[in-house]
Amino acid sequence: MIVEIERAAREAGAILLENALTDIQVSFKENHELVTTADLASEKFLKIRLAEIEPSAGFLGEESWNGEYPDPPFWVVDPLDGTNNFAHGYPVFAVSIAFWNGSSIEAGCIYDPTRNEAFSAAAGKGARLNDSSISTTDTDRLGDCILATGFPYHRKPSNLGVNLEILKYFLGRVQGIRRSGSAALDLAYVAAGRLDGFWEEHLKPWDMAAGALIVREAGGEISSFTGGEWDISSTGMVASGKSIYPKIQACIRTPDLSLHRTC
Ligand code: IPD
Ligand code: CA
Ligand code: CA
């Protein structure tokens, strides 16, 4: 199945690149979220294409979601992760496809069409970047880390404050912080060892599903934002190499930031 998923992700990626060369139409959803003609074209294509791979599976795609989870198994699809980047001609975006069987992600692929990089995993089979296997880093020192994070579209004190405090904390202690604008690629880069860790408080299933499996299969650790077991209904995520995970999570989940001195 993973070979077919990767093929579908590559085909959807080609649609994004074709659209990038045209006059992209941008409109706004609720919460200041952008949507472009490319998001819609990619999702329309994937709904049909993935049904050919597994006709009995439901479909949970960002652009057509009605707020209800389909009966499992179902596909979890972000047809264009990094829409804001895409709309500005900033070449950091991806297609993300995962297959959820009702209790876990069985297979997933994140495809970056600008670099022709497909990050993929099938449960129990390890993680790959194109034809090579990949693994998370094994550092256990925050001072050796590059971390990434993201911010929700609708930024207000109630959903921003905690992350700004966390950001301030890490900024003084790690080698670098990145904010790519594509949570799916952030997770793929954790899996590939290009980043040591990632956290984001407000995410949707399609941002995380494929990356959750790929990071785990690359030997990393994932959890919900607050440290519980990650699940398709989780609203955020922490992901990193196994050795650094306890230090990252300890700092994120401590609400009293003065306690961060002990992290
Ligand atoms: C967004 C990106 C971004 C993250 C946002 C997501 P979209 O997804 O993944 O990195 O910070 O929270 O909504 O809207 O580009 O598919
Ligand atoms: Ca997304
Ligand atoms: Ca999207």
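Leaving aside neighbours within four places in sequence, Asp207 is in contact with Asp78, Asp81, Ala183, Ala184 and Leu187, contact being defined as heavy atoms within 4.5 Å. The structure is a predicted model, in which local features need pLDDT of at least 70, side-chain atom pairs count only at pLDDT 80 or more, and totals for chains, interfaces and linings use all residues. Residues are numbered from 1 along each chain as its sequence is written, chains are lettered from A and ligands numbered from 1 in the order in which they are written, and side-chain values use heavy atoms, with hydrogens and water left out.

Asp207 is part of helix 6 (residues 205-217); helices (H or I, at least four residues) and strands (E, at least two) are DSSP runs numbered from the N terminus. With a relative accessible area of 11%, Asp207 is buried, where buried means under 20% relative accessible area, exposed over 50%, and partly exposed in between (1.4 Å probe, protein chains only). The side chain of Asp207 reaches the backbone nitrogen of Lys204 at 2.8 Å. Between Asp207 and Leu185 the separation is 22 residues in sequence and 9.3 Å in space, C-alpha to C-alpha.

The protein is divided into domain 1 (2-133) and domain 2 (142-259), with bounds from an automatic or database domain assignment. The C-alpha centres of these two domains lie 21 Å apart. Their contact takes 43 residues from domain 1 and 26 residues from domain 2.

A residue is counted as near a molecule or strand if one of its heavy atoms lies within 4 Å of it. There are 17 residues around ligand 1, of which Asp81, Gly82, Thr83, Gly181 and Glu200 come nearest. By residue class, the shell divides into 5 nonpolar, 6 polar and 6 charged; Ala, Val, Leu, Ile, Met, Phe, Trp, Tyr, Cys and Pro count as nonpolar, Asp, Glu, Lys and Arg as charged, and the others, Gly among them, as polar. Strand 4 (residues 74-81) gives the most to this shell, with 3 residues.

Oxygen atoms of ligand 1 take part in polar contacts with the protein, a polar contact being a pair of N or O atoms within 3.5 Å; within protein, one atom must be able to donate a hydrogen and the other to accept it, and residues adjacent in sequence count only if both atoms are side-chain atoms. A polar backbone atom of Leu80 is 3.2 Å from a ligand oxygen. For Phe151, a backbone N or O atom lies 3.4 Å from an oxygen atom of the ligand, and an N or O atom in the side chain of Arg179 is likewise 3.4 Å from a ligand oxygen. Taken alone, ligand 1 exposes 380 Å², and the protein buries 94% of that; accessible areas come from the Shrake-Rupley method with a 1.4 Å probe, and for residues only the protein chains shown count as cover.

Thr83, one of the residues that come nearest to ligand 1, makes a side-chain to side-chain polar contact with Asp39 at 2.6 Å. Asp39 belongs to helix 2 (residues 37-53) and is buried, with a relative accessible area of 0%. Beyond four places in sequence, Asp39 touches Glu63, Pro79, Leu80 and Thr83.

Asn85 is placed in helix 3 (residues 83-87) and counts as buried at 11% relative accessibility. A polar atom of the Asn85 side chain lies 2.8 Å from the backbone oxygen of Val92. With residues up to four places away in sequence not counted, Asn85 touches Tyr90, Val92, Ser180, Gly181 and Ser182.

Val76, in strand 4, counts as buried at 0% relative accessibility. Its contacts beyond four places in sequence include Leu60, Ile97, Trp100, Trp206 and Ile232.

Backbone geometry was also examined. Most residues other than glycine have a negative phi, and most peptide bonds are trans. A cis peptide bond joins Pro72 and Pro73, with omega about 0°; Pro73 is found in the loop between strand 3 (58-61) and strand 4. Phi of Asn116 is positive, near 50°. Asn116 lies in the loop between strand 6 (105-112) and strand 7 (117-122) and is partly exposed, with a relative accessible area of 40%. Asn130 has a positive phi near 50°, is located in the loop between strand 8 (127-129) and strand 9 (132-134), and counts as partly exposed at 25% relative accessibility.
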